[in-house]
Amino acid sequence: MLTSTINQLSVSKGVTIIMLGAAINILSACSTLPMASNTIGNSLTAQMPTSDRLGRIAYVEEQGFGATKISSLYSIRPDGNDRQLIEQLNGYIYSPAWSADGQLLAYSKQALREQPKIYIYNRRKQTRKLVVNANGSNLSASFSPDGQKLLYSSTVGGNADIYELHLSKGTTTQITMLPSTEVQPSYAPDGKSFVYVSDKTQAGRPRIYRYNFATSSISQIATAGYAASPQLSLDSQRMAYLNGRQAAVMTLATGQVINLAETGLDEPARLSPSGSYAVYPTRNMQGSTQSGGSLVIRSLSGGISYTISSKAGEVVRSPIWGR
């Protein structure tokens with residue numbers, strides 16, 4: 001089981017959920033956009049490609065602890081406008097993930113005294129559908145590029161492994177069958193492979209790997225030490241991930257890494273559709289007191305960034321940028 005710097009939540013029947021927390025540091029150069037009226041003239045947003053500017057960022061806000069935990073799943077424009085509540089519950093919501101066309105949103109939901117199940121929200125129809133209800137912790141969904149399949153991790157077999165669900169057929173295939181922990185799968189843009197996290201070389205020391213569907217072969221992506229929660233850009237040139245305790249982006253061809261921020265709660269960065277920007281969560285600080293959270297949006301060219309405040313001064317987690 002991955003233990004180093006990954007927060008864990010014990011649930012019923014002794015099952016353990018791996019979840020990544022929110023970043024706590026904010027870039028000193030950020031400007032804050034708490035309201036839509038303040039975002040209209042934002043120069044960084046105006047420079048974004050259409051796919052980024054008109055896309056939506058899904059994320060989770062949390063308040064309370066334990067049995068009083070309330071989680072809210074929102075989507076919002078990158079300029080801070082049009083915040084929409086998708087779902088709210090007494091419990092936890094984990095790792096939302098957009099389909100390639102931005103019309104479907106998969107996420108894990110864990111009500112009190114239940115195990116995490118995976119749902120898909122349809123933006124156009126505004127409906128939710130339960131798609132994974134296996135007896136285990138079902139987490140980290142990822143849509144195939146054509147939207148026909150879903151990768152996810154599950155402890156249904158007792159060990160955390162990666163599974164692939166064919167959505168229209170309703171059939172599930174187990175991909176990994178190792179005694180180690182395999183989690184956080186994410187499809188490559190061409191659908192021919194996926195990246196994921198495993199501690200197979202050393203327990204508690206996660207590394208990032210790529211699985212090739214055609215050959216069933218596995219290769220490691222070279223990172224410096226602890227690495228988790230990978231996401232490839234749509235052009236496959238960059239990978240956003242958690243580099244130690246930092247939200248980071250790597251250029252795969254050269255191995256060059258941009259460390260964006262220290263993330264004491266272990267939240268990774270996530271790339272915009274164009275791959276030119278990154279979003280990650282942070283906790284606001286007033287002196288020595290924490291006062292809610294924000295989304296940080298940063299240009300990967302020049303490092304200019306700004307923040308969007310949470311709706312009600314709550315902890316922010318798991319942003320994902322879709323079309």
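Trainee: What sits over the ring of Tyr119?

Mentor: The charged end of Lys109, 4.1 Å from the ring's centre. A charge counts as over a ring if NZ of Lys or CZ of Arg is within 6 Å of the ring centre and within 35 degrees of the ring normal. This is a predicted model, where local features need pLDDT of at least 70, side-chain atom pairs need 80 or more, and totals for chains, interfaces and linings use all residues. Residues are numbered from 1 along each chain as its sequence is written, and side-chain values use heavy atoms, without hydrogens or water.

Trainee: How many aromatic pairs are there?

Mentor: Eleven. Rings of Phe, Tyr and Trp (its six-membered ring) pair if their centres lie within 6.5 Å; planes under 30 degrees apart are stacked, over 60 edge-to-face, the rest tilted.

Trainee: Why is the pair of Tyr107 and Tyr119 called stacked?

Mentor: Because their planes are at 20°, with the ring centres 6.2 Å apart. Tyr107 is in strand 7 and Tyr119 in strand 8, so the pair ties together parts twelve residues apart in sequence. Strands are DSSP runs of E, at least two residues, numbered from the N terminus.

Trainee: Is Tyr107 buried or exposed?

Mentor: Buried, at 0% relative accessibility. Tyr119 is buried too, at 15%. Buried means under 20% relative accessible area, exposed over 50%, partly exposed in between (1.4 Å probe, protein chains only).

Trainee: Other topic. Which residues form the aromatic cluster?

Mentor: Tyr187, Phe194, Tyr196, Tyr209, Tyr211 and Phe213.

Trainee: What about Lys200 and Tyr209?

Mentor: The charged end of Lys200 sits over the Tyr209 ring, 4.7 Å from its centre.

Methods. Helix = DSSP H or I, 4+ residues; strand = E, 2+ residues; numbered from the N terminus.
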